Amino acid sequence: MISFHTYDFQNKRAIVRVDFNVPIDKNTGEVTDSKRIAAALPTIQHILNKGGSVVLLSHFGRPKNGPQDIFSLNQIIPKVSEMIGSTVQFSNDCIGEDAYSKSQNLRPGEVLLLENVRFHDEETNGDMVFAENLSRHGDCYVNDAFGAAHRAHASTTQLATFFPNDKMPGLLMQAEIQNARKVLMEAQKPFTAIVGGAKVSDKVLIVENLLNIADHIIIGGGMAYTFFKAKEGHIGASLCEEDRIQKCIEILDRASSMGVQIHLPMDSIVADQFAADAQTDTSKSDEIPATWMGLDIGPEAIASFSEVIKQSKTILWNGPMGVFEMKAFEQGTKSMAFAVAEATKNGAFSLIGGGDSAAAVQLFGLSSEVSYVSTGGGALLEYFEGKALPGLAALEA
Ligand code: AMP
């Protein structure tokens, strides 16, 4: 792979694929969380400092049937300019004459942001002609969009083929892969994976792959109740995926034959309805009354999970332990965040998988107390499922 550090950017126009899919306030149009822009800044600044110019490509939301104002990257120009520290130019299409003339006229130190690549269906279809048209914007291609690396889209994958000797991962992409590899290939033992969230079906593949490398797998959140059902427990009205019960039985059997300890929450905070002001109680997770549902792990589970986490040398966390968006059901997720932070302080390496787990760690003010918070939810999950990421593979080919 070509090295971003040693590549000569002098007088070159670098096409940089970033993930600027940031949340914005619907009323004011202001960026409400600029983490993803911040994450791409070191790559952008490096190229500018080395005498190059930057053409930024990104997707933004999921537009259907062409351009829509609510998905225009135009809205984030003030924020991007402020964060880069200079006025960023904009073209309201990512291909076409206006865009080409702006990219061709870029001088060293200048930055151009092109409109949402997903305004063209060819982007998600991975269209080669569209990718070739995008390639006309620059002399080299840098992919820094780890959050989109699991998608075989034109700007994340096909575009790389037009720069056989001038394609490379940016600094964020490199950091993401290095940190994921630390867990996937070089985990110090004991290695504990914490997996939560709503659905077993979303996490089956990662749990199966983790059986090969983890010593402990802590399972919490809504997905835990299908496991209890598989063990013939009474789970009331908790989330359950009937068609995954057999798979849960297989996972539990394989774990015990492989010597991997699966930890399920022995107790739960249960509620009489899915609501922030529901009536709540504590119950054994396999004895939940008929109309009640488990919405968080209980105090015994918190204590035993925390103990396992604190003894660990490597920790991977993907998915909350309960409905942490509601105060009444945040304690499990909050306690795990604090346990992971404490283990990290004592020398463990902790990787927080994007999405809800990253949001939770941020909510509890612990983002800087863990080793690394990934920016990629789906991409990280697929990496840990053992799948090749098309965006990364295209840079290696
Ligand atoms: P995921 O995207 O699969 O990681 O799921 C995250 C979502 O799972 C969050 O929005 C949580 O509110 C939800 N969740 C976690 N635990 C439960 C539970 N016990 N019952 C229902 N939803 C849950």
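User: Why is Asp139 called partly exposed?
Analyst: Asp139 has a relative accessible area of 32%, and because buried means under 20%, exposed over 50% and partly exposed in between (1.4 Å probe, protein chains only), Asp139 counts as partly exposed. This is a predicted model, in which local features need pLDDT of at least 70 and side-chain atom pairs count only at pLDDT 80 or more, while totals for chains, interfaces and linings use all residues. Residues are numbered from 1 along each chain as its sequence is written, and side-chain values use heavy atoms, with hydrogens and water left out.

User: What makes the contact of Arg13 and Asp139 a salt bridge?
Analyst: A salt bridge is a side-chain nitrogen of Lys or Arg within 4 Å of a carboxyl oxygen of Asp or Glu, and the side chains of Arg13 and Asp139 meet at 4.0 Å, N to O. Arg13 lies in strand E1 (residues 13–17) and Asp139 in the loop between helix H5 (128–135) and strand E5 (140–143), so the pair ties together parts that are 126 residues apart in sequence. Helices (H or I, at least four residues) and strands (E, at least two) are DSSP runs, numbered from the N terminus.

User: Is Arg13 buried or exposed, and how do you know?
Analyst: Arg13 has 15% relative accessibility and therefore counts as buried.

User: Why is Glu242 called exposed?
Analyst: Its relative accessibility is 52%, so Glu242 counts as exposed, whereas Lys229, with a relative accessible area of 30%, is partly exposed. The side chains of Lys229 and Glu242 meet in a salt bridge at 3.2 Å, N to O.
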